[in-house]
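Please have the structure open while you read this note. Each point below takes up one part of the chain.

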Amino acid sequence: MDKDRDDKEARRERDALALRSLPMDAVRLSEAAAVAAARYVGRGDEQAPDEAAKRAMHAILRDLPIDGRVVVGEGEEGAVEELYVGERVGTGRGPNLEIALDPLEGENITAKGGTHALSVVAMAEHGGFLHVPDIYMDKIAVGGGLPQGVVDLDAAPEDNLRNVADAMRIPIEDLMVCILDRPRHEELIGRVLEAGARVTLISDGDVSSIIATALPRTGVDMYMGIGGAPQGVLAAAALACMGGQMQGRLVVRAEDERVAARRAGIDDFHRKYELAEMASGNILLAATGVTDGNVLRGVKHRRGVPMTQSLLLASESGAVRFVETLHRIGSGRATCIGA
């Protein structure tokens with residue numbers, strides 16, 4: 001009995017130590033992926049930076065003192081070699097955590113040297129994230145400080161715009177709405193413009209753009225439109241930490257997507273998910289810029305030494321921290337120069 005008690009106490013102490021180091025471990029994960037991907041910025045290759053980011057993130061993740069399981073990842077087991085949905089990560093000796101990640105959001109952005117590419121990882125206790133396949137999701141999001149229910153995915157765009165403008169006590173003409181630049185959004189863009197609001201179009205990177213709604217300095221007030229479902233869960237995790245509102249609904253276009261959704265435990269394809277249904281509990285999220293964006297600066301090199309800027313969020317504290325790191329390549333060390 002004494003041995004069992006000692007073992008349990010040792011596990012509690014070990015888990016507590018792992019949890020204390022977890023915030024900076026999360027930053028290390030997103031930093032490593034961003035630095036690896038940044039080597040390929042502007043080279044016209046979409047696959048190479050994505051593979052480099054995955055390898056870099058996986059190498060650190062597998063050695064973390066956690067008992068982790070990837071629930072939002074790079075694809076299904078068999079389709080990808082690492083960071084697949086269901087993969088067990090960490091040493092297996094530590095807190096039990098769910099992991100949602102995107103080692104490189106914006107492969108096309110990175111290849112073309114565009115803006116808003118980033119690496120992102122989120123962690124939560126068991127049951128913290130909605131398990132979704134790699135399909136589309138219709139989303140609407142706003143930042144914090146607004147009345148609950150100010151936006152509704154089922155409402156007309158004009159009504160959502162009017163409600164947000166009224167809540168912010170500004171004219172609709174002052175609203176800036178972020179939308180992915182896709183043919184499927186032509187009608188939505190037209191209706192937003194006809195209502196009087198302004199539109200900023202992005203080629204990719206809706207995680208960064210949804211995070212931007214919660215940061216006043218970005219100038220983005222709302223996000224609307226259809227993007228990736230995994231990115232929707234990551235964005236919901238960020239807003240759960242920062243404050244904000246978001247709704248999402250899966251968009252199933254083919255039978256294989258329906259099958260994938262059912263494998264993830266989803267059988268109601270008309271369900272509208274609230275933010276708390278997509279991400280809840282004690283959440284930790286880290287994101288590092290690969291290229292410059294309105295939320296984070298991209299990786300910069302000073303005499304061959306990379307410098308990164310990361311965002312660190314924790315739902316428990318609600319703090320929004322920006323971490324700048326100068327990486328001393330070859331020394332195995334990194335120096336945090338501001339937070």
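1. Start with a lysine: does K139 count as buried or exposed? This is a predicted model, and in it K139 has 1% relative accessibility. The cut-off for buried is under 20%, so K139 counts as buried. Look for K139 in strand β5, residues 136-142. The side chain of K139 has a polar partner: a polar contact of 2.5 Å joins it to the side chain of D206.

2. In β6, M176, C178 and L180 point one way. V177 and I179 point the other way. Both sets are buried.

3. Which strands pair with β6? One is β7, residues 198-202, in the parallel sense over 5 bridges. Within that pairing, L180 has I202 of β7 as its bridge partner. To get from β6 to β7, the chain passes through helix α5, residues 186-194. This β-α-β crossover is right-handed. Strand β8, residues 222-228, also pairs with β6 in the parallel sense, over 2 bridges.

4. Now take helix α8, residues 255-263. Its buried residues are E257, A260 and A261. They cover an arc of only 100° around the axis, which puts them on the same side of α8. An α-helix has 3.6 residues a turn, so residues three or four places apart point the same way. What do the buried residues of α8 pack against? They pack against β9, residues 245-251. On the other side of α8, D256 and R263 are exposed. Just after α8 comes G265, with a positive phi of about 95°.

5. In soluble globular proteins, nonpolar side chains tend to be buried together. The largest nonpolar core here has 50 residues. Which of them touch the most other members? They are F129, I211, M246 and L285. Helix α7, residues 229-242, gives this core its largest share, 10 residues. Leaving aside residues up to four places away in sequence, L285 touches V120, V121, A122, L234, A237, A238, L311, L312 and L313. There is also a second, separate core of 32 residues. Its members include A38, L104, I109 and L284.

6. Finish with two backbone angles. H116 is not a glycine, yet its phi is positive, about 80°. Find H116 in the loop between α3 (107-112) and β4 (118-124). R169 is not a glycine either, and its phi is positive at about 60°. R169 sits in the loop between α4 (157-168) and β6. R169 has a relative accessible area of 78%, so it is exposed.

Methods. Residues numbered from 1 in each chain as written. Predicted model: local features only at pLDDT ≥ 70, side-chain atom pairs only at ≥ 80, totals over all residues. Heavy atoms only, no water. Buried < 20%, exposed > 50% of the residue type's maximum accessible area, 1.4 Å probe, protein only. Helix = DSSP H or I, 4+ residues; strand = E, 2+ residues; numbered from the N terminus. Pairing = 2+ DSSP bridges. Right-handed = clockwise from strand over helix to strand, strands pointing away. Polar contact = N/O pair within 3.5 Å; in protein donor to acceptor, adjacent residues only side chain to side chain. Arc of directions from axis to C-beta. Contact = heavy atoms within 4.5 Å. Core = buried A, V, L, I, M, F, W, Y, C linked by side-chain atoms within 4.5 Å.
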